[in-house]
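Dear colleague,

I am handing over the structure below, and I would be grateful if you could look through it.

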Number of protein chains: 2
Amino acid sequence: MKRPAPKASRRAQNPASDAGPRQKKKDQTRARILRVALDLFSSRGFYRTTTRQISRKAGIAEGTLFNYFATKEDLALYFFEQELEKLIQWFEREKPLRKAPLVEKLFAIVHRHLEQISPFEDFVGAVYLRALQPASKLHPISLDSQSLNLRYLRFIREVLAEAENEGEIPPVGDLGAWAFALFHVGIVSFWLHDASPGKERTLALLDRSLKVARTILRRGGDWNW
Amino acid sequence: MKRPAPKASRRAQNPASDAGPRQKKKDQTRARILRVALDLFSSRGFYRTTTRQISRKAGIAEGTLFNYFATKEDLALYFFEQELEKLIQWFEREKPLRKAPLVEKLFAIVHRHLEQISPFEDFVGAVYLRALQPASKLHPISLDSQSLNLRYLRFIREVLAEAENEGEIPPVGDLGAWAFALFHVGIVSFWLHDASPGKERTLALLDRSLKVARTILRRGGDWNW
DNA sequence: ATGAAATAATGAGCATACTCATATTTTGCT
DNA sequence: AGCAAAATATGAGTATGCTCATTATTTCAT
């Protein structure tokens with residue numbers, strides 16, 4: 001159904017120079033498309049942005065767009081990839097957090113994520129939750145090693161593993177990471193609906209949920225996860 | 001964006017007879033569309049079924065279809081309404097379950113649900129998980145009182161409340177119901193990906209998860225949910 | 001430099017969900 | 001029955017995501 005977007009098919013004869021002029025131009029075009037698309041998505045919303053508008057504003061033909069991205073949805077996915085990357089990098093830079101209890105870390109991650117995506121609320125609403133659909137590259141339990149979610153799951157796994165190793169929590173393993181991912185999606189979903197000023201209800205929910213998690217996780221002992 | 005599907009607009013002058021010949025015909029057409037659509041969805045999948053095919057097989061014009069259902073997705077939603085209704089009715093009929101511990105009830109509900117929808121796996125994969133999207137009538141925290149989810153949430157709430165009243169679990173309230181709904185969606189999502197024979201991995205996950213839930217819920221005490 | 005081969009860009013065209021002005025049927029009243 | 005109004009059905013038309021045969025550009029060996 002989908003044509004794979006062609007990627008970095010550099011010639012075998014020229015492995016030395018990492019970016020020939022052709023590749024460079026392609027990279028520029030790709031970046032331009034991405035920029036324009038995100039612009040339109042966040043100002044007009046995902047559904048009301050047409051691929052024609054995107055290609056027009058990016059100065060390319062309609063067909064060219066699909067040489068770079070297989071589907072309109074794919075285009076949106078790159079946005080989330082970027083955001084995830086930012087999130088992870090932020091976390092690794094945030095030294096004070098490293099010493100905090102696990103639950104604080106998790107709260108901070110979700111909170112930061114919401115802050116990051118909040119300028120794009122409409123757009124997120126339209127696309128993000130496709131994450132749970134089987135076909136989506138965003139799916140949390142997708143086995144596709146290229147997938148965005150694997151990246152997310154590994155990240156969370158590591159955060160959890162650290163807490164496990166220090167005996168802060170019982171071993172929760174992959175299932176724990178998966179559960180948290182699901183929780184995270186749930187919070188985003190709630191956030192999208194939250195009409196309270198400053199999204200305070202979401203923050204309250206987040207707070208309460210993590211209190212519950214703290215209670216649950218505090219007990220040592222084997223749980224048979 | 002969506003035109004509301006016209007509904008039961010019987011004449012004020014004729015409130016006595018509950019189903020005039022006209023209404024009856026409409027009901028029949030509606031039912032026929034639903035039957036044909038479900039048929040096609042489950043045999044050819046959601047995306048590969050066109051609205052033209054549906055209207056053709058139902059013996060109506062293409063436009064007529066949209067007099068009855070505002071969108072193709074809407075058409076699919078009716079399926080889930082039916083399934084939910086079946087699920088609830090099944091539960092209320094299942095006397096032995098009423099005395100079982102809460103966790104067993106919850107396991108049974110999810111398990112039964114999976115059994116029910118399993119003939120329609122492809123179709124479910126394409127549509128069901130839109131539940132989490134804000135615009136969807138299926139959304140768990142939709143405030144639309146007509147919504148399917150409210151029905152589901154009320155159902156779960158009641159099951160939980162019963163256990164609360166008997167002191168089996170601490171008070172978990174709406175948040176508890178919401179959490180379970182999210183869990184349920186997560187399981188369905190997992191199930192859709194599960195390629196193991198007889199979906200045994202899903203069953204194992206379900207089992208483990210509910211064991212964890214049992215451990216967590218067993219402790220009395222105030223939790224500050 | 002030159003020609004051929006590889007790569008990329010193009011836009012007319014397609015499929016399909018959905019709209020809407022018009023035509024048809026039904027209803028209620030006399 | 002006969003008429004006007006209301007309800008319903010119709011299908012040509014529209015918008016848009018995406019395809020693909022064709023054209024244009026770049027690369028590389030000679």
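In this predicted model, confidence in chain A is highest in helix α2(A), at a mean pLDDT of 97, and lowest in helix α7 (residues 121-127), at 79, where pLDDT is the predictor's confidence in each residue, from 0 to 100, and helices are DSSP runs of H or I with at least four residues, strands being E runs of at least two, numbered from the N terminus. Over residues 1-17 of chain A the pLDDT is below 50, and this stretch has 10 contacts beyond near neighbours in sequence, a contact being two residues whose C-beta atoms, placed from the backbone, lie within 7 Å. Residues 141-146 of chain A likewise stay under 50. Where pLDDT is low, the predicted coordinates should not be read in detail.

Chain A has 10 helices and zero strands.

The axes of α1 (residues 21-44) and α2 (residues 51-58) of chain A come within 9 Å and cross at roughly 130°, with axes fitted to C-alpha atoms over the stretch in contact and angles running from 0 to 180 degrees between N-to-C directions. That makes α1(A) oblique to α2(A), a class for angles that are not under 35 degrees (roughly parallel), over 145 (roughly antiparallel) or 65 to 115 (roughly perpendicular). A:R32, A:I33, A:V36, A:A37 and A:L40 of α1(A) meet A:Q53, A:I54, A:K57 and A:A58 of α2(A).

Residues are numbered from 1 along each chain as its sequence is written, and chains are lettered from A and ligands numbered from 1 in the order written. Local features need pLDDT of at least 70 and side-chain atom pairs count only at pLDDT 80 or more, whereas totals for chains, interfaces and linings use all residues.

With best regards
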